[in-house]
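Have the sequence and the model open as you read.

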Amino acid sequence: MPTVSMTVNGKQVSGEVEGRTLLVQFLRENLHMTGTHVGCDTSQCGACVVHVNGDSMKSCTLLAVQADGTDVTTIEGLADGDTLHPMQEAFRDNHGLQCGFCTPGMVMSAVDLVKKNPKASEHEIREWLEGNICRCTGYHNIVKSIQQAQQTM
Amino acid sequence: MPEGGTGIGAAVKRVEDKRFLTGRGNYTDDINRPNQSHAYILRSPHAHAAINGIDTGAAKSAPGVLAVFTGEDMETGGLPCGWQVHSKDGSPMHEPPHPPLAKGKVRHVGDQVAVVIADTYAQAKDAAELIAVDYGPLPAVVGMNDALKGGSLVHDEIGTNLCYDWEIGDEAQIDEAFAKAHHVTEIDIVNNRLIPNAMEPRAAVGEYDRATDEYTLFTTSQNPHVIRLLMGAFVLSIPEHKLRVVAPDVGGGFGSKIYHYAEEAIVTWAAPRVGRPIKWTAERSESFISDAHGRDHISKAKMAMDSEGKFLALKVETKANMGAYLSTFAPCVPTYLYATLLAGVYTTPLIYCNVKAIFTNTVPVDAYRGAGRPEATYLLERLVAKCAHEMKMSQTDIRRANFIPADAFPYQTPVALQYDSGNYTATLNKAELAHDVAGFAARKAASMAKGKSRGIGYSTYVEACGIAPSAVVGSLGARAGLYESAEVRVHPTGSVTVFTGSHSHGQGHETTFAQLVSERLGLPMANIEISHGDTNKVQFGMGTYGSRSLAVGGEAIVKAMDKVVTKAKKIAAHILEASESDIEFKDGVFTVAGTDRSMAFGEVALAAYVPHNFPHDELEPGLDEKAFYDPLNFTFPGGCHICEVEVDPDTGVVSVERMTAVDDVGRVINPMIVEGQIHGGLAQGIGQALLEGCVYDADGQLVTGSYMDYCMPRADNFPNFSAGTEVTLCAHNSLGVKGCGEVGAIGSPPAVINAVVDALWDLGVHDMPMPATPQAVWKAIQAVAPAAAAE
């Protein structure tokens with residue numbers, strides 16, 4: 001079985017994987033980092049979004065071997081110790097989450113949006129979130145959360 | 001601390017958020033037990049087929065495989081149904097067996113055929129491909145009308161596809177009223193089948209401890225105690241003291257995680273047989289073909305009116321799809337949660353409804369957010385909108401003319417329910433203001449100038465929450481009581497753990513329930529813990545569905561807190577050497593009335609556990625009280641939803657421009673959470689109206705089997721919502737609360753479709769099915785404008 005190595009949340013990790021192992025499976029099953037979730041099997045829902053070399057990506061669309069040598073940040077690596085990232089804080093302030101299942105992907109995706117388009121309009125925020133499905137919130141408070149983070153990030 | 005403190009009415013930020021925001025939630029698939037194995041369920045690719053044989057030999061010898069089981073191996077009870085409905089002739093509904101693994105025949109695409117258990121999930125899945133099932137395909141019955149015509153039977157042994165034929169009301173009396181009516185408005189209504197799609201797929205981990213003979217099931221459930229009861233008593237014959245069911249963090253339910261599913265029984269049953277814990281997690285494509293679906297009604301309805309547009313009588317005939325088997329609560333949804341709501345917010349004196357529940361070769365159908373009430377509301381509010389058109393009355397005038405007046409409560413409807421409180425005129429007035437209905441004409445003109453059609457739609461509704469009381473639901477066929485339990489355990493240093501039988505899967509109980517405690521016992525939030533979801537911690541519970549958690553579960557907590565305060569007063573009286581009746585409790589301090597002698601809550605708690613001088617014949621040590629609360633009635637949230645849409649007649653694209661909801665959910669404990677619940681409900685309601693629809697082909701294959709075919713609402717499908725509340729208190733619970741979890745999904749679909757029809761009315765389109773996709777809307781426009789289409 002191939003061996004992959006990468007940096008995850010600042011820590012060097014490696015492990016043996018099958019060729020078919022997805023990055024999300026490597027994170028959840030090999031590294032036991034269960035913050036990144038799997039909500040579908042067609043790369044639609046976005047619950048598994050992480051940052052790979054700084055860009056948001058669905059970790060179910062990458063094989064673990066493709067992520068060899070990359071720098072990965074997951075939801076577990078976003079906060080600074082006990083201090084939440086401004087995006088996490090914004091979701092809490094604005095009730096941007098309910099069941100919490102889509103939240104890791106939603107937050108990681110939103111962080112990348114604000115980094116890439118700090119002044120995104122409400123319309124642009126909604127369009128950006130097209131790849132992240134939430135069944136609980138109706139998105140209203142997620143949009144509000146991201147608008148707050150645009151001010152605080 | 002938020003403005004208003006941390007008690008009732010304060011928008012306290014959620015206690016649970018930090019773990020969810022940092023990736024530290026604990027969902028079932030996150031749980032890994034030592035030496036765990038993995039299960040893959042082989043499912044039927046046919047909607048209807050005989051199983052002539054299953055060869056598992058090759059799979060059993062595949063790498064990593066520990067065991068393969070089929071229906072022939074699994075000699076257990078079937079999955080039980082929790083509600084028995086009787087037909088109008090008095091006969092009980094047909095209740096065919098539902099084996100966890102199919103025996104003899106498969107009855108829907110996705111039916112469980114075999115389970116493979118292996119060291120890894122990939123090995124189990126690979127091995128399943130080696131199982132050879134000899135299927136003898138049979139004709140499938142997919143549509144409800146076809147199912148009633150005879151021919152193929154879903155369950156041969158019952159000789160019919162009709163599960164029950166139920167009625168409420170006096171048909172002869174109704175027909176007489178229709179004969180005398182000034183005008184009768186008729187409508188055909190289809191309530192589209194939906195797939196719940198909680199974002200967390202279902203999962204289950206079963207394990208068995210040979211040393212203690214104890215089983216543990218971790219599962220994605222809205223009601224772990226109910227699963228323990230159903231699975232333990234009816235399927236696997238495991239006594240409850242040897243069976244622990246844990247529903248940890250659960251990623252959304254919307255009804256779909258109420259029911260006892262086969263996979264829960266399979267992993268629990270198989271765990272001792274392979275001698276290892278077993279995990280099963282659904283892939284999303286499995287969720288589509290194995291989670292209970294929602295809605296799926298076909299109805300005909302007519303309203304008799306006098307010359308002033310006053311409703312005289314309503315007659316409804318409904319066909320309700322049960323799918324291939326009876327899911328846990330399926331039979332009650334199109335009867336006691338649907339027909340009993342057909343009075344709506346109106347004084348219609350006579351109502352008759354006939355419901356035929358029908359088996360088809362499709363996934364079982366059960367309660368989905370709103371369960372019966374959205375179907376009733378959609379039918380009624382579409383019919384009322386049509387009545388207004390035919391009577392040449394405005395949409396609001398016809399509603400106001402028929403509202404149950406605010407001074408008429410308690411109001412007995414002709415369909416069994418007695419509403420305790422409400423003010424439908426007030427909610428309508430407030431919604432009209434919030435929506436800026438006055439500005440609609442100008443907005444419509446602006447849309448027209450762009451070549452778009454703009455319409456406005458109303459829905460004024462009432463629903464029934466907190467399903468209860470036990471005596472009533474028992475008389476209607478429920479095989480369970482519908483109370484809730486709570487335990488308030490005060491620890492020696494004054495902090496409190498509340499054990500509740502409700503279950504939170506996004507609703508924020510850890511915050512809202514803690515606010516009840518903060519308010520009553522005067523404690524800071526940090527000193528309060530809400531524990532739920534583990535049958536080894538919580539004595540019993542009926543769980544969370546039907547917006548019952550606060551109105552039933554919250555009241556149980558209040559009742560237990562009352563007992564804590566009573567006991568604490570005894571302790572304070574003893575220590576302060578005063579009469580118990582002189583002890584007052586306020587803001588966390590026990591005081592002897594009229595004196596400065598007092599004890600803080602924490603001091604009393606400590607004394608309870610350090611009872612050095614207690615008169616033990618009068619006063620027990622400890623401070624830990626339990627309560628069961630069985631409500632006196634349902635609660636009746638109601639409200640008004642107004643939707644404004646813009647339709648592009650060239651493409652059929654409908655855009656929701658404004659969505660206003662003013663809901664009366666009774667007293668609001670946490671306005672931030674209530675608003676969030678309403679937003680989520682609105683999204684599911686608008687989703688049903690415009691985007692979502694479960695489609696089977698004629699062979700019973702699910703066409704909408706993934707997120708590429710089933711249109712889940714995305715962020716760019718919605719505007720910002722305007723959600724407000726108008727409060728009348730529930731008259732029969734101490735908190736005055738009604739429930740807010742489903743109002744959004746119940747009230748909004750007819751408001752949306754009424755708006756679409758309003759937008760297209762002048763083009764000649766007077767009806768619109770759900771979902772009003774661009775294709776459906778475009779086709780409807782073409783159908784009435786053949787000349788335009790030919791151009």
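Which residue in β2(A) does T3(A) stand opposite? That would be E16(A). Keep in mind that what you're looking at is a predicted model.

The two strands around that pair are β1 (residues 3–8) and β2 (residues 11–16) of chain A, which run antiparallel and are joined by six bridges. They form a hairpin with two residues between the strands, and there N9(A) takes a positive phi near 50°.

Now hop over to the nonpolar interior. In soluble globular proteins, nonpolar side chains tend to be buried together. Here the largest nonpolar core has 307 residues, and those with the most contacts inside it are A39(B), V116(B), L342(B), V752(B) and V756(B). Helix α15 (residues 549–576) of chain B gives the most to this core, with 12 residues. Pick A39(B) and leave aside its neighbours within four places in sequence: its contacts include V115(B), V116(B), I117(B), I266(B) and W280(B).

Finally, zoom out to the domains. Chain B is divided into domain 1 (17–22 + 483–629), domain 2 (31–138 + 199–252 + 257–290) and domain 3 (297–467 + 633–790). The C-alpha centres of domains 1 and 3 of chain B lie 40 Å apart, and their contact takes 16 residues from domain 1 and 20 residues from domain 3. On the domain 1 side, α14 (509–521) and α15 of chain B are the elements that give two or more residues, with α15(B) supplying the largest share, six residues. That side divides into six nonpolar, eight polar and two charged residues.

Conventions: Residues numbered from 1 in each chain as written. Chains lettered and ligands numbered in written order. Predicted model: local features only at pLDDT ≥ 70, side-chain atom pairs only at ≥ 80, totals over all residues. Buried ≥ 20, exposed ≤ 12 C-beta atoms within 10 Å, placed from the backbone. Helix = DSSP H or I, 4+ residues; strand = E, 2+ residues; numbered from the N terminus. Pairing = 2+ DSSP bridges. Core = buried A, V, L, I, M, F, W, Y, C linked by C-beta atoms within 7 Å. Contact = placed C-beta atoms within 7 Å. Domains from an automatic or database assignment. Nonpolar A, V, L, I, M, F, W, Y, C, P; charged D, E, K, R; others polar.
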